[in-house]
Amino acid sequence: QWKLYPTLPGVWVSTIGNVKREINKAHPERGKPWHYFKPHVAVDKTGYVVLRVSIRRKNHTVARLVAQTFLGLEPDQVVRHRNNNSQDNRVANLDIGSQRENIADKAAHGTWQGGDRHPCAKYSDELIAAIQSDLEVTEKKRGVAKSLALKYNIPVHVIRDVSYGRRKTFSQRLKEAKCGYLGATLERSEQ
């Protein structure tokens, strides 16, 4: 089923994620009446693989085009993929929600980039856990943080952050999140 896209005149979007535009409307004898856009696979700044089409020199994600046409997507909302496949842009697979709900979906699907999964993470969860175990064994006295920093070849403030509970492993933060929006989703995914 095709429907006219609300803000781009002559552009039509289907329920299965295809995009086309009218051509040769004034001269139908010249050839095909439609130009079907071929989406290209692109990776956005967060590493998320999306399908994009270029309409009038502007890139549009196919998911947003489908959601705006059939689901009434507002500018402050995000498109969520129910099956976690960003290339499946059928209306049945798309849902509209907030950024918070989208992050909860990522946590439920196991694709949330938190902890040492994040591309900018400097310290692994194994290192944080090793520092925590060393801090439990040693007595709290002057110079412990400096000696551990030398042992692991990291700055002293990281050792202090671990000792004061400001820096934790990914699994520890997820356990703490059990009371928040992320934790509620994780409990549902574990059942």
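This is a predicted model: local features need pLDDT of at least 70, side-chain atom pairs count only at pLDDT 80 or more; totals for chains, interfaces and linings use all residues.
What do the buried residues of H3 pack against? The chain has seven helices and nine strands. Of its 191 residues, 35% are buried. The chain exposes about 12500 Å². Carbon and sulfur atoms supply 51% of that area. Look also at contacts between residues at least 6 apart in sequence: 37% of them join residues at least 24 apart.

Now to helix H3, residues 125-137. Its 13 residues should span 18 Å at 1.5 Å a residue, and the end C-alpha atoms are 19 Å apart, which agrees. The buried residues of H3 are Asp125, Leu127, Ile128, Ile131, Gln132, Asp134 and Leu135. They pack against three helices: H4 (144-152), H5 (156-163) and H6 (170-176). That settles the opening question. The spacing of such residues can be read with a simple rule. An α-helix has 3.6 residues a turn, so residues three or four places apart point the same way.

Leaving aside residues up to four places away in sequence, Asp125 touches Asp116, Thr169 and Phe170.

After H5 comes Gly165, with a positive phi near 85°.

The strands come next. S2 (residues 11-14) and S3 (residues 19-22) run antiparallel, joined by three bridges. Within this pair, Val13 stands opposite Val19 in S3. The hairpin of S2 and S3 has four residues between the strands. Gly17 in this hairpin takes a positive phi near 95°.

S3 also pairs with S4 (residues 34-36). Here too the sense is antiparallel, over three bridges. Glu22 stands opposite Trp34 in S4. S3 therefore has S2 as one partner and S4 as another, because two strands count as paired when at least two bridges are found between them.

Technical notes. Residues are numbered from 1 along each chain as its sequence is written. Side-chain values use heavy atoms; hydrogens and water are left out. Helices (H or I, at least four residues) and strands (E, at least two) are DSSP runs, numbered from the N terminus. Buried means under 20% relative accessible area, exposed over 50%, partly exposed in between (1.4 Å probe, protein chains only). Contact means heavy atoms within 4.5 Å. Accessible areas come from the Shrake-Rupley method with a 1.4 Å probe; for residues, only the protein chains shown count as cover. The expected span of a helix is 1.5 Å times one less than its number of residues.
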